[in-house]
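Hi,

Here is the structure I said I would pass on.

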Amino acid sequence: MIHLDDPKRLRTLRDQAHQVAMNMLRPVSRKYDRAEHEYPKELDMLAAMIDGLAESGANEGAGARGVRRDENPEEQGGVRNGANMASVMSIAEMCWGDVGLLLSMPRQGLGNSAIASVADDEQRERFSDTWAAMAITEPGVGSDSAGIQTTAVLAGDHYVLNGEKIFVTSGERADSVVVWATVDKSLGRAAIKSFVVEKGTPGMNVERLEHKLGIRASDTATITFTDCRVPKENLLGSPDVDAKQGFAGAMATFDNTRPLVAAMAVGCARAALDLTTDLLAQAGVVVDYDRPGQVQHAAAARLLELEADWEGARLLTLQAAWLADNRKPNSLEASMAKAKAGRVGSEITLACVQLASSVGYSETELLEKWSRDSKILDIFEGTQQIQQLIVARRLLGLSSAELK
């Protein structure tokens with residue numbers, strides 16, 4: 001179903017992203033790891049370049065189309081490799097440069113993927129130029145997004161939001177925040193909706209920025225909402241609560257963002273593998289991909305194992321993106337990709353630190369940084385355990401109430 005080579009029409013985009021990662025992100029990677037919470041001003045020039053490509057039609061944008069089922073690919077000229085495939089390929093290359101800087105890219109926030117997946121046509125047009133963070137996690141409500149306590153009460157032409165969100169990526173820098181809140185707690189997960197709250201809205205306050213293990217270039221905020229009035233037109237999609245549909249609207253967002261996070265893990269792990277291969281070669285250990293690992297140096301054999309795991313994660317990520325581009329259900333594949341890539345990303349980067357020994361553990365190279373950065377990619381957008389639970393439910397045909 002997927003050709004093992006990258007799609008020809010997307011190779012130029014892939015190569016451009018790699019050049020950006022190598023020449024713009026990698027050189028300042030250590031600088032902004034040390035200068036946590038300082039805005040990477042170099043990204044302004046990069047954002048202007050991306051805007052220019054978007055206006056010319058040369059760039060489809062990260063997560064620009066989202067996961068939508070309202071088009072038939074066969075009516076559009078057959079199967080395609082579209083914006084979702086372009087996104088995962090370019091994101092993987094950019095994260096070869098730096099994950100935290102990629103997460104700090106203006107107008108490329110995770111909230112933009114929520115808008116692309118859930119918003120109606122008018123809203124997608126209205127919010128097309130915003131940089132949107134995404135606020136899901138709450139104190140005491142981590143991986144179980146269905147347990148959200150933030151409320152949204154309709155009062156005339158506005159919804160009034162009250163609650164607290166934590167670990168909001170780009171929560172201080174973004175133009176707006178996509179906030180998940182319940183419009184009626186008694187109706188359970190079906191009543192959870194997404195709202196676009198623009199920066200500066202009264203009642204919305206950034207309380208603090210977190211100090212983190214990794215992705216330090218990216219700001220991570222705690223935001224409170226106190227009687228925060230949001231125009232009712234900013235509720236993404238339909239305001240109707242459909243108990244039969246349940247959590248489907250919210251899950252469409254995850255179906256889009258989980259492959260993107262998997263691509264981040266793939267890119268970061270690739271960076272570690274490439275550097276470790278070079279370091280081993282400098283030490284006289286050359287990896288031969290045409291010979292079995294058991295007849296090579298132990299370090300070379302270990303690197304071959306890591307390469308195989310990496311390739312599996314990459315192909316699962318491409319599969320999830322391809323299904324989204326072709327308007328096919330991809331919830332199972334999105335969770336499989338996120339679970340595999342998140343796990344092996346952490347394993348690969350840590351193993352590369354070990355293979356490089358003292359060089360890997362020191363700040364003379366970026367290996368130790370990548371091992372710190374990669375860990376969050378196994379946690380946010382749903383932990384390893386949550387992804388495995390979703391996969392099990394899908395494979396066994398069980399509901400969340402039947403398999404907890």
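Predicted model: local features only at pLDDT ≥ 70, side-chain atom pairs only at ≥ 80, totals over all residues.

Strands here are DSSP runs of E, at least two residues long, numbered from the N terminus.

I'd start with the backbone. Most residues other than glycine have a negative phi. Ser 170 has a positive one, near 60°. Is Ser 170 buried or exposed? With a relative accessible area of 2%, Ser 170 is buried. Asp 227 is another non-glycine residue with a positive phi, about 45° in this case, and Asp 227 sits within strand S7 (residues 220-231).

Next, a helix pair. Helix H10 (residues 331-355) packs with helix H12 (residues 367-376) at an angle of about 160°, and their axes are 8 Å apart. Angles over 145 degrees count as roughly antiparallel, so that is how H10 and H12 run relative to each other. Their crossing is left-handed. On the H10 side, the contact is made by Gly 345, Ser 346, Thr 349, Leu 350, Cys 352 and Val 353; these meet Leu 367, Glu 368, Trp 370, Ser 371, Ser 374 and Lys 375 of H12. By type, the residues of this contact split into five nonpolar, five polar and two charged.

Last, confidence. The protein averages a pLDDT of 90, and 90% of the residues score at least 70. Over residues 60-65, though, pLDDT stays under 50; the model has 22 contacts beyond four places in sequence for that stretch.

Cheers

Notes: Residues numbered from 1 in each chain as written. Heavy atoms only, no water. pLDDT = per-residue confidence, 0-100. Contact = heavy atoms within 4.5 Å. Axes fitted to C-alpha atoms, helices over the stretch in contact; angles between N-to-C directions. Helix = DSSP H or I, 4+ residues; strand = E, 2+ residues; numbered from the N terminus. Parallel < 35°, antiparallel > 145°, perpendicular 65-115°, else oblique. Left-handed = near helix turned anticlockwise from the far one by under 90°. Nonpolar A, V, L, I, M, F, W, Y, C, P; charged D, E, K, R; others polar. Buried < 20%, exposed > 50% of the residue type's maximum accessible area, 1.4 Å probe, protein only.
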